[in-house]
Amino acid sequence: MKNNILKPLIAVLLIAFVSLQMNAQKDQTISKKLKWSERMALSIMMQHKESYMIDDAITPKWDYVHGLVLTSFDELNKKHPNQKYSAYSKTYVDKLVQQDGTIDTYKLDTYNIDMVVAGRLLFDLYATTKEAKYLKALQTLRKQIEEQPRTASGGFWHKKIYPNQMWLDGLYMGEPFYAQFTVTFEDGKNLFDVAKQFELIQKNARDSKTGLFYHGWDESKQMPWANKTTGTSPNFWSRSLGWYAMALVDVLDYFPKDHPKQKELVSYLNQLANTLVKFQDKSGLWYQVTDKGAVGGNYLEASGTAMFTYAFAKGVNKGYLHKKFKTAAKKAFSGMTKHLIKVGQNGEVTITQACAVAGLGGNPYRDGSFEYYVNERKKDNDPKATGPFILAALELNK
């Protein structure tokens, strides 16, 4: 009698369990009907259950890759409002910004300009909540900008441990935050200083023959990687050029059209865009070492391509660039989805062929050679590719 009662109960429980599993599986499936921007964001959330885990972080840390990716989530939420996108971004900030406004893991005295960019997540949070902790954190990062060591000509050092050096990366890490802060809280009084950082790069890191920009510039010309005449590093790295392109289109958001430096910055963007299209592969993509093509292990790289795509598309949308660059951006985006993206069985999106990291100097020493760049490790769904991919998709309405 007992078994006769248990058997139907077990059967019901099994059916319920299978149903729950199927529903859970359905919840984990990313529809191909969604736009690429949402598919990528949902894939990141599937891969990293909590936003601090981006880039496979084990514990929460204040970091530029989180700032980049979560900025793309904030932009996504503006165009496709969804509480889970805004919550994913806010949760990261709230794990690190304490009630007194201090930022866990952040060390001002290292003067690492990479650590400024995540501060962009704070502006909207403060504007909507008026919580003092967000303002205090913003002010802390502004204090870093104020005290950041500079080259003799006035350019921000990339880090305290890299004296007298400006890297293209640093323009994205510091200047959009600096521009937004000075416009939001200082009536734009420091926009001239923001523009000065770009002027120094244009003057000192641009190659007159190709129009491309070298990854780094050492004003002292003391670094072993630095050209003894110009101070520039030896090669053109697409991601560093991508950081610079994104920096230009993003800082322009805060320069009024009648500002004396606005047209100058727009001209820099046009120079760069006109140069970059010359090196775009027939696939729509760009190579890791921008000007070397398919030689010696060079490869078509995801993060630089995604950054250029975003900068081109936004530049056209904002009226800074000719519409032909929208065509180039669409070609690049199509090239990424065709050649660099894999879609898993649950609809999850994976970007391949992304350089994980590259730099100059340091220990172990990085010489900026062609061989160095093409042999740095690659990482699927590296955040330097996924964040710009979302931003590009939004600008292209993809």
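**Helices, loops and cores**

Student: In which helix does Lys314 lie?
Tutor: Some ground rules first: this is a predicted model, where local features need pLDDT of at least 70 and side-chain atom pairs count only at pLDDT 80 or more, while totals for chains, interfaces and linings use all residues. Residues are numbered from 1 along each chain as its sequence is written, and side-chain values use heavy atoms, with hydrogens and water left out. Helices (H or I, at least four residues) and strands (E, at least two) are DSSP runs, numbered from the N terminus. By that numbering, the run of residues 302-317 that holds Lys314 is helix 11.

Student: Is Lys314 buried or exposed?
Tutor: Buried means under 20% relative accessible area, exposed over 50%, and partly exposed in between (1.4 Å probe, protein chains only). Because its relative accessibility is 5%, Lys314 counts as buried.

Student: Which residues is Lys314 in contact with, leaving aside its neighbours within four places in sequence?
Tutor: Contact means heavy atoms within 4.5 Å. The contacts of Lys314 are Val249, Asp250, Asp253 and Glu395.

Student: How many of the residues of helix 3 are buried?
Tutor: Helix 3 runs over residues 64-79. Its covering includes helix 2 (36-47), helix 4 (83-96), helix 5, helix 7 (168-185), helix 9 (238-251) and helix 14 (383-396). Among the buried residues are Tyr64, His66, Leu70, Phe73 and Asp74. Helix 3 is mostly covered, and of its 16 residues the buried ones number 12.

Student: Which residues does Ser51 touch, not counting residues up to four places away in sequence?
Tutor: Ser51 sits in the loop between helix 2 and helix 3. With a relative accessible area of 2%, Ser51 is buried. The residues touching Ser51 are His66, Leu70, Tyr88, Thr91 and Tyr92.

Student: How far apart are the end C-alpha atoms of helix 12?
Tutor: The expected span of a helix is 1.5 Å times one less than its number of residues. Helix 12 (residues 324-340) has 17 residues, so it should span 24 Å. The model agrees with that, as the end C-alpha atoms are apart by 23 Å.

Student: At what angle do the axes of helix 5 and helix 6 cross?
Tutor: Axes are lines fitted to C-alpha atoms, for helices over the stretch in contact, and angles run from 0 to 180 degrees between N-to-C directions. Here the two axes come within 9 Å. The crossing angle is roughly 145°.

Student: Which residues of helix 5 and helix 6 make the contact?
Tutor: By class, this contact has nine nonpolar, one polar and no charged residues. Ala, Val, Leu, Ile, Met, Phe, Trp, Tyr, Cys and Pro count as nonpolar, Asp, Glu, Lys and Arg as charged, and the others, Gly among them, as polar. Helix 5 brings Leu122, Phe123, Leu125, Tyr126 and Thr129, and helix 6 brings Tyr134, Leu135, Ala137, Leu138 and Leu141.

Student: What is the phi of Lys130?
Tutor: Lys130 follows helix 5, in the loop between helix 5 (120-129) and helix 6 (132-147). Lys130 is exposed, with a relative accessible area of 55%. Although it is not a glycine, its phi is positive, about 60°.

Student: Which peptide bond is cis?
Tutor: Look in the loop between strand 6 (349-351) and helix 13 (370-375), where Pro364 is placed. Gln353 lies in that loop too, with a positive phi of about 60° although it is not a glycine. The cis bond has an omega of about 5° and joins Asn363 and Pro364.

Student: Which residues have the most contacts inside the largest nonpolar core?
Tutor: A nonpolar core is a set of buried Ala, Val, Leu, Ile, Met, Phe, Trp, Tyr and Cys residues joined through side-chain atoms within 4.5 Å. The largest one has 116 residues. Apart from it lies another core of 14 residues, among them Ala226, Tyr299, Tyr372 and Val374. In the largest core, those with the most contacts are Trp62, Phe73, Leu122, Phe198, Leu241, Tyr244 and Phe389.

Student: Which residues does Asn112 contact, leaving aside its neighbours within four places in sequence?
Tutor: Asn112 lies in the loop between helix 4 and helix 5. Its relative accessible area is 12%, so Asn112 is buried. Its contacts are Gln144, Gln148, His158 and Lys159.
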